[in-house]
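Student: I would like to go through this structure and ask what stands behind each label.
Tutor: Go ahead; each label will be set against its definition.

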Amino acid sequence: MNPDPKKNSPLPFTPVLPALALLTTVFLANFLARTMFGPLLLPISEHLGRSLAASANLFVCLAGGYSISVLCAGFVSQRLGHKGTIVASVIGIGIGLLGLAGSDTFTGFSIWITLMGIGAGLYMPSGVVTITEITPSAYWGQAFSIHELAPNLAFIAAPFISELFMKSLGYAALFRLLGTTCLILAAVYALRGPRTVRPGMAPVLGNIKTIVARPAFWIMSLLFVLAVGVEMGIYNLVPAFLVMEKGTTREMANIILGCSRTASLVFLPATGWIIRRIGYRRTLALCLLGTGLTTLLAGYGPLWWSVTMLTLQPIFVVCFFPVGFAVLALVCPKATGDLSVSLTVTCTSIIGAGLIPAVLAWSGERFSFALSFTLFGAALFAVSLMAILKLRIPES
């Protein structure tokens, strides 16, 4: 007797979309709050009377708070549940932004941006677990592709919003508006956000050993560090690169930065389809090797050439994250989903979003941003190639 085909077909994807849209909106607010500091780095450094390299240490403060929080998020989600943790995350971001709006010193900025990072770090582990629980596993690629629209919308919107406020009300008013919006969004998610069944997993030694014993976890963590280094590090320094080495105005640099990210929105939704067609390994290779090559080529040449490479680069790097999170969920035990994300994002935040931007800013100010981009791109290409060749992925 033939089995019923309905029993073998995956559950539908459409009913998940409303909850996924709300999660994506929360992630957008989270990411927009953090990406504003790249376009605003030059005016903030001028206002605080600090050099560009010294002001770039704010990225380290943001990444430090984020890393501590994301590592300890399991303690919070174990008590509050994943929904309560996401609500607490958005509230923390809102309070941090409101504090930044009233700060006029580097010390004040450092404290409030660290607190904002702590709030932001609570989201990702619970967000990833929520997506994997409410979405049939056959559609994880598509679900993460939709979720990853949030950072790309933030990357596009941040330069334009920053310039709009810098020409009118100033960045303090922008921080107040974003902070108030986050508090409202927290209330909306508390009322309408999806609940999850599985509780959070605390980062105790036994749980950590289960994950770190797998070589695939370390390989994926390395790939995430490199991808975030490009996504955050290069992005935050493109305005300074265009102003200091390509001779553009700050306004033009931010316009170029925002426009360079628009093409990625066209390709990102197709990531799930690409995964189904060529598999996880080839998709990872396509994304990371393309990212390394375009980063390597972006530094030197006329302005049009740099803008072209900086437009192609986000297409590759943003498509990495849907496949990256899907592979991370496959190579780690299912019950450890939030903790594996916490450990991975801790590494990527400290190194990829904190140290890499700071080092690139230091080397760019002392040598050149073009040289920094070229060396980083070459290293990314070589390391990614070796890591992907060693990675073992269950393709089912």
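Tutor: Start with burial: a residue is buried under 20% relative accessible area, exposed over 50%, and partly exposed in between, with a 1.4 Å probe and protein chains only. Helices are DSSP runs of H or I with at least four residues, strands are runs of E with at least two, and both are numbered from the N terminus. The model is predicted, so local features need pLDDT of at least 70 and side-chain atom pairs count only at pLDDT 80 or more, while totals for chains, interfaces and linings use all residues. Residues are numbered from 1 along each chain as its sequence is written, and side-chain values use heavy atoms, with hydrogens and water left out.

Student: Which residues of helix α13 are buried?
Tutor: In α13 (residues 250–259) they are Ala 253, Asn 254, Ile 256, Leu 257 and Gly 258. They pack against α9 (149–166), α12 (215–245), α14 (262–267) and α16 (303–331). In the protein as a whole, 58% of the 396 residues are buried, and there are 18 helices and zero strands.

Student: Why is Ser 103 called buried?
Tutor: Its relative accessibility is 8%, and the limit for buried is under 20%, so Ser 103 counts as buried. Ser 103 sits in the loop between α5 (57–101) and α6 (106–121).

Student: What is Ser 103 in contact with, leaving aside neighbours within four places in sequence?
Tutor: Contact means heavy atoms within 4.5 Å. On that basis Ser 103 touches Gly 108, Phe 109 and Trp 112.

Student: Why is Arg 214 called partly exposed?
Tutor: Its relative accessible area is 36%, which falls between the two limits, so the label is partly exposed. Arg 214 is in the loop between α11 (205–212) and α12. Its C-alpha is 8.0 Å from that of Val 331, although the two are 117 residues apart in sequence.

Student: How do you know that Cys 319 is in no disulfide?
Tutor: A disulfide is a covalent bond between the sulfur atoms of two cysteines. Here the test is a pair of cysteine sulfur atoms within 2.5 Å, and a search of the whole structure finds zero disulfides. For Cys 319, the nearest cysteine sulfur is that of Cys 287, 5.3 Å away. Cys 319 is also buried, because its relative accessible area is 8%.

Student: What makes a group of residues a nonpolar patch?
Tutor: Patch residues have over 30% relative accessible area and no salt bridge; nonpolar side chains (Val, Leu, Ile, Met, Phe, Trp, Tyr) are joined within 5 Å, and like charges within 9 Å. A salt bridge is a side-chain nitrogen of Lys or Arg within 4 Å of a carboxyl oxygen of Asp or Glu. Leu 293, Leu 297, Phe 381, Leu 385 and Leu 389 form such a patch, with about 430 Å² of accessible area together. Accessible areas come from the Shrake-Rupley method with a 1.4 Å probe; for residues, only the protein chains shown count as cover.

Student: Which helix supplies the largest share of the nonpolar patch?
Tutor: α18, with three residues; α15 (271–298) and α18 (369–390) each supply at least two. Leu 297 lies in α15.

Student: Why is Leu 297 called partly exposed?
Tutor: Its relative accessibility is 31%, in between the limits for buried and exposed, so Leu 297 counts as partly exposed.
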